[in-house]
Amino acid sequence: MRYRSVLLAFLLIVTACGRQTPDPNIQINQAVAATLAALPTPTSMPIATPHPSPTPVDLRGLFCEYQFCIGHPIDMAFYDVSAVTSNQGSPSTYQTGLMAAYSASLVIQLMWQFAPGTADPQFMLDLIVPPGVDTRLGTPEVKLIRDMNVVYTAITTAATPVLPFGGAAAWTCGERVFAWKVYTPDEASAAVLFESALARFNCNR
């Protein structure tokens, strides 16, 4: 009985010692360590991707082919008339070509010929303004624009009653002579359209 009392007293002392309150600093340190361990690792910085350099020319409404470029309304696109109308289906080339573009309110025609040494583009104006279909109005304007000899004339046309007005022009650039024509619903639009087209024109010389 005496031994049992001593053993019971020892157990109470040990139990009392085991119930001590844990150190709050240790608990805080453990909680911080657990939180830090649960955080996701930072993602490495992505490799810089080089951005393309800006195009020096606005490509909206710009036709570039056969070593020349020319502006046109953004809602229109040129197609190769030579490939469609010729018996052999031959497309236009650097030396000669015929293109057209159209919408509900405009029809544009563009043609060129290889003619080295030609300074006067009048013969191309004669080709693109056929008698009996188109009629020139007034005296053609002759200008030197960016070292190109340019001839422009207002026209009326019997080709379509919807677009009775228009304008036509011809000019030299390098070894080629170009001609341009538009049919419009009013008299004022043609000259503005030509100026816009020619402002963006360039050719390999």
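Predicted model: local features only at pLDDT ≥ 70, side-chain atom pairs only at ≥ 80, totals over all residues.
Residues are numbered from 1 along each chain as its sequence is written, and side-chain values use heavy atoms, with hydrogens and water left out. Local features need pLDDT of at least 70 and side-chain atom pairs count only at pLDDT 80 or more, while totals for chains, interfaces and linings use all residues.

Trainee: How many aromatic pairs does a search of the whole structure find?

Mentor: Rings of Phe, Tyr and Trp (its six-membered ring) pair if their centres lie within 6.5 Å. Planes under 30 degrees apart count as stacked, over 60 as edge-to-face and the rest as tilted. The search of the whole structure gives a count of 15.

Trainee: Tryptophan 112 and phenylalanine 178 form an aromatic pair; which parts does the pair tie together?

Mentor: The pair is tilted, at 6.4 Å centre to centre and 35° between the planes. Helices (H or I, at least four residues) and strands (E, at least two) are DSSP runs, numbered from the N terminus. The two residues are 66 apart in sequence, so the pair ties together strand 5 (residues 107–114) and strand 9 (residues 176–184).

Trainee: Is phenylalanine 178 buried or exposed?

Mentor: Buried means under 20% relative accessible area, exposed over 50%, partly exposed in between (1.4 Å probe, protein chains only). Phenylalanine 178 has 0% relative accessibility, so this residue counts as buried.

Trainee: What is the geometry of the rings of phenylalanine 178 and phenylalanine 201?

Mentor: The ring centres are 5.0 Å apart. The planes stand at 75°, so the pair is edge-to-face.

Trainee: Which residue lies over the face of tyrosine 94?

Mentor: A charge sits over a ring if NZ of Lys or CZ of Arg is within 6 Å of the ring centre and within 35 degrees of the ring normal. Here the distance from the ring centre is 3.8 Å, and the residue is arginine 176.

Trainee: What is the handedness of the disulfide of cysteine 64 and cysteine 69?

Mentor: A disulfide is a pair of cysteine sulfur atoms within 2.5 Å. These sulfur atoms are 1.9 Å apart. Cysteine 64 is partly exposed at 40%, whereas cysteine 69 is buried at 14%. The torsion about the S-S bond is about 120°, so the disulfide is right-handed.

Trainee: What is the handedness of the disulfide of cysteine 173 and cysteine 203?

Mentor: The S to S distance is 1.9 Å. The pair links strand 8 (residues 165–173) to strand 10, 30 residues apart. Cysteine 173 is buried at 1%, and cysteine 203 is buried at 10%. The S-S torsion is about -95°, so the disulfide is left-handed.

Trainee: Leaving aside neighbours within four places in sequence, which residues are in contact with isoleucine 70?

Mentor: Contact means heavy atoms within 4.5 Å. The contacts of isoleucine 70 are Gly61, Leu62, Phe63, Phe78, Leu110, Trp171, Trp180, Ala197, Arg200 and Phe201.
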